[in-house]
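Visitor: I would like a quick tour of this model. Please keep it brisk.

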Amino acid sequence: EVLAQVAAEYGVDVVVVGRRTERPGIRDRLGGTPERVLRRTRLPLLLAATTHEGPPRRLLAAIDESAVAGRVLEWTDLLLTRDEASSATLMHAVSPLPPLAEDTSLATIPAANGTTAGERARTLEASHWLETRRRATVRAGQMKTLVRIGRPATAIVAEATRGGFDLVVLGTHGRGALGRLAFGSVSEEVLRAAPCPVLVVE
């Protein structure tokens, strides 16, 4: 709460916090300092989870179909302008279809790779949408797209780990403290588990 108040008083552009191990107990449910700051400010929040020599050069920008995706792309464009050799992967996670016990249609029968026809169709649709968003950015030439099937937070953290990215950029929907306390959020899950720094924008 104090960090959010100071940020408002000084008119800062970004709040930067570190990650530290919290004591078990109620903080496991309320979240650590980054999550609590995120609930109390609408400013971009940068979690400095690890140290890195120089500015981030490999970015993972995770977006969905909400309005905040535009802000994520704006920040990604801005970060890419700092280094012509930097690159970004625009990622979108497609939630898996829930299994239907009595539905034997082709849409729910898994293929050899474990995906269903319905999931493959949604992945193709998402790929086209993501490519359209990429082409509309200023630094489109420094970006590529990626669609994964899975829970958004889990898929983002897995890709950040697998790809060895320097920074994850994603948005938050600003549901408010009570909503996040009850249901959590993708951004808070990523803040807790990402193997690299995370920039959350609203």
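Visitor: Over residues 23–30, where pLDDT stays under 50, how many contacts beyond four places in sequence does the model have?

Guide: This is a predicted model, so confidence comes first. Over residues 23–30 pLDDT stays under 50. Contacts beyond four places in sequence are still present there, and they number nine.

Visitor: And how many such contacts are there for residues 175–183?

Guide: Here, too, pLDDT stays under 50. For residues 175–183, the contacts beyond four places in sequence number 15.

Visitor: Are α3 and α8 roughly parallel or antiparallel to each other?

Guide: Helix α3 covers residues 33–40 and helix α8 residues 186–193. Their axes lie 9 Å apart, at an angle of about 155°. Angles over 145 degrees count as roughly antiparallel. The two helices are therefore roughly antiparallel.

Visitor: How many charged residues does the contact of α3 with α8 have?

Guide: α3 brings Pro-34, Glu-35, Leu-38 and Arg-39; α8 brings Ser-187, Glu-188, Leu-191 and Arg-192. By class, three are nonpolar and one is polar. The charged residues number four.

Visitor: Which side chain meets Glu-35 in a salt bridge?

Guide: The structure holds nine salt bridges. In one of them, N to O is 3.4 Å, within the 4 Å cut-off. Glu-35 lies in α3 and its partner in α8, so the pair ties together parts 157 residues apart in sequence. The partner of Glu-35 is Arg-192.

Visitor: At roughly what angle do the axes of α6 and α8 cross?

Guide: Helix α6 takes in residues 152–163. α6 passes α8 in a right-handed crossing. Their axes come within 9 Å and cross at roughly 35°.

Technical notes
Residues are numbered from 1 along each chain as its sequence is written. This is a predicted model: local features need pLDDT of at least 70, side-chain atom pairs count only at pLDDT 80 or more; totals for chains, interfaces and linings use all residues. Side-chain values use heavy atoms; hydrogens and water are left out. Axes are lines fitted to C-alpha atoms, for helices over the stretch in contact, and angles run from 0 to 180 degrees between N-to-C directions. Helices (H or I, at least four residues) and strands (E, at least two) are DSSP runs, numbered from the N terminus. Angles under 35 degrees count as roughly parallel, over 145 as roughly antiparallel, 65 to 115 as roughly perpendicular and the rest as oblique. Contact means heavy atoms within 4.5 Å. Ala, Val, Leu, Ile, Met, Phe, Trp, Tyr, Cys and Pro count as nonpolar, Asp, Glu, Lys and Arg as charged, and the others, Gly among them, as polar. pLDDT is the predictor's confidence in each residue, from 0 to 100. A crossing is left-handed if the near helix is turned anticlockwise from the far one by less than a right angle, and right-handed if clockwise.
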